[in-house]
Amino acid sequence: MSRFFAGSSSESSSSDEEELYSEEEEQQKAAVEDSDEESSEEEDEDEDSSSDSDGGKPGASKFLKDQVSSDESDDEEKVTIVRSAKDKRLEELEAVERLIDNAVKINDWSTISTEFDKLNRQVTKAIVDGKPPKSYVKAIADLEDFTNDTLAKQKVSIKKMNATNSKGLNAMKQKVRKNNKEYASEIEKFREDRDGYMMEEEEEVVVEKPKKTKPVYVDSTGPDDEEGFTVMGRGGKVLQYTPESILKHLRSFVESRGKKNTDRAEQIRIMEKLLEVATTPYQNIRVLLTLISTRFDLTSGSTSNYMSQEQWKLADLEFSKLLTTLEENRDMVVLEGAEEWEDDEKPPQPTADDKLRIPGSIVSIAERLDDELTRSLQHIDPHTAEYIERLSDEQALYTNIIRGLLYIEDLKKDTKLELAQENANRLVMRRLEHIYFKPAQVVSILEEKAWTAIPTELDSEITPRDKSMDTAALVQTLSTYLFKNSVDIIRARAYLCQVYYFALHDQYYRARDMLLMSHLQETIATFNINTQILFNRTLVQVGLCAFRANLVYESQNTLQDICGSGRQKELLAQGVMIQRYSQVTPEQERLERQRQLPFHMHINLELLECVYLTCSMLLEIPLLAQTGSSPDVRKRIISKTYRRLLEFHERQIFTGPPENTRDHVMQASRALAAGEWKKAAELINSIKIWELMADTEKVKQMLTEQIQEEGLRTYLFTYAPFYDTLAVSTLASMFELSERKVAAIISKMISHEELAAALDQVNSAIIFRKGVELSRLQSLALTLSDKASGLIEANERTLEQRTQGMSNAFERPGGQGGRGGRGGRGGRGGQRGDRGGGRGRGGNQQFGGGALGNAIRA
């Protein structure tokens, strides 16, 4: 009989036991005679043969198998005990309850808190018909009593808990209070009759496990489902989206944020359906906040990708719906510091004396939409129609920024909400950054369309609706508001935006005075890189404004720092210059590319270079002529960049026709130096980049007049040594200037001691003074004296550094002159006499520099 049937009856089992015992005795005798190796081999062979056979063989093989596997058979008999799933869960709960009881005895609140969380996770599987196990009710009721007793003792006790226990106790206080609300009725029954409650029998309910079925497509007869299919979930259940399940779905989506393998596109599709079935404003607000955040998560963590135009437009539309819902329901507000509502079954209700606070941030959504639009404009080719189409979305964003600002203004009126001023500052700054670089006509159109789309009952206190058409006043109002209510970076950026706007609209003196009064040029290095970029842009715009105002010297002086560096692209964030041997890391390069400005905000670099080189030409050419004719004038350089380009152009053997802006300016410089002002004016005016300026003809006329005046000055500097007298009318006809203008220019040169001449107003002529010019030898002597004096100054500075401020080391006290009486010994005595001072002389005498000092003083 096989072993399987051996366990079927008691008789067969007893007979088999007797048979096994007899076999055991025989086997023991055989095992003594055999060696250990052979017995082990026989056991292995017998085990294999017995396992392969259907029925067990009597004898040593079966005995050996039963002897080796006796423990295993015992385990198998234990495993065969069948327990219901309910009993298993109850045993797990009791095990956790025992751990909590042990922790209570030793007052270990850290363990109690951990095991309490575990207990609550396990009890969800053991709940039958909505009733928890009675042992669980007893455990949480006793734990609540113990927690309250411990808290009461801590209030009057002198000895305090350690930090870990105190933290666990505070955590348990909140957990028990929150958890026991759900089982309040059961806990009340337990406390009324503890013994009777625990003696009641619990009805055992058999729960059948659902069988796993494959997804099934069910033919839908509903009018709403046009495709004829219904989404099936696990177990073949139809997924239904109801208003009651909205909050549960949203909680699951929020908990899955940031996790791997999360299908955000599927979440967005589900939330769009939840938005359709939402019935209350609270549900709409919660769904919209989560939906917008999930759309942003599609591109989060990736700097190379940007939000698609379709997703961005949907997020912008949902943001507009959110603002509309909040404007219609003033009893609900979205705040950053609001507490999360935990009950997914019962939504909160606003009270009469206080508004319902929903966690979220209107300001962050507006800023993220703005950042995503900027990032997409950075990646799109600006010379395509796609860029123009994408740029048209700025109007919708600007409208929503204004609506968000109106909502924040409304929240600030309620003092109970305690809204931070920073929220309004951030939105005002975003609004200002959208308009400061645009012409007044564009800003007017932007404002008009925005206020048309906003409901008429809404109005702003900062920028009222009726005053928004005045763009200058609008920029002034926004900048003043930020300057009063913000600090540090936002205040500096608002100030720079206002200066930029004034410079863009040809208000040079106002922009210059504001920039100088701010003293930002002294502290700009301490600000972040984006603010430094804005400062550079403002500085360049002020320089261009000075050029349009016919202020050549001011323009060149303002543009010198940016254009003279050769890094205009980097300083204005309009491109990345990767040099061959640069030490830029990939991370730095990535950050540099993120800071790049969109193309529509760029300042034309070719125009900037043209203005800078033209101004440098008008200043450097007369200076070069003056230096060449007057060697006594100390050589100074206004623009090293221009000088280098001019020297390179002069070294060229063959000069062809000008091809670019730089060639035009260089050839115009040579013509101006030769006195051919008409050719210089023609070359400058033929540059096509001037067409980008607002009033092109006015700019060209201004340049022609400047070239005439500087050409006159250059001519006088160059040819003054060859004239005794020169008629003003001759100069006026040569340079096509009025005699009054020529006389004014010459008088200015004489007053500034640039020209050694006198103006005869009676005869209308210039009388040049001869003999004033120095000879070649005198010029060289002056140069030598300048270099010697510079050498002495450098020597004195070095001496002070090495002596560390001990400047009195060479002084001699009056009564201790020393050995000055031996001054009659030749050259060495004279030197000692100088140094000694003699005993009869009073007062102090400092070190005079020795022979070199005497020679210089002579």
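The legends below describe an overall view and two close-up views of a predicted model. Residues are numbered from 1 along each chain as its sequence is written, and side-chain values use heavy atoms, with hydrogens and water left out. Local features need pLDDT of at least 70 and side-chain atom pairs count only at pLDDT 80 or more, whereas totals for chains, interfaces and linings use all residues.

**View 1. The chain as a whole, with 38 helices and five strands.** Helices (H or I, at least four residues) and strands (E, at least two) are DSSP runs, numbered from the N terminus. Of the 858 residues, 38% count as buried, that is, under 20% relative accessible area with a 1.4 Å probe and protein chains only. Among contacts (heavy atoms within 4.5 Å) with a separation of 6 or more, 65% join residues 24 or more positions apart.

View 2. When neighbours within four places in sequence are left aside, Ser 479 is in contact with Leu 432, Ala 494 and Gln 498.

**View 3. Lys 173 in helix H9.** Helix H9 covers residues 163-180 and includes Lys 173. Because its relative accessibility is 36%, Lys 173 counts as partly exposed, a class lying between the buried limit and the exposed one, the latter being over 50%.
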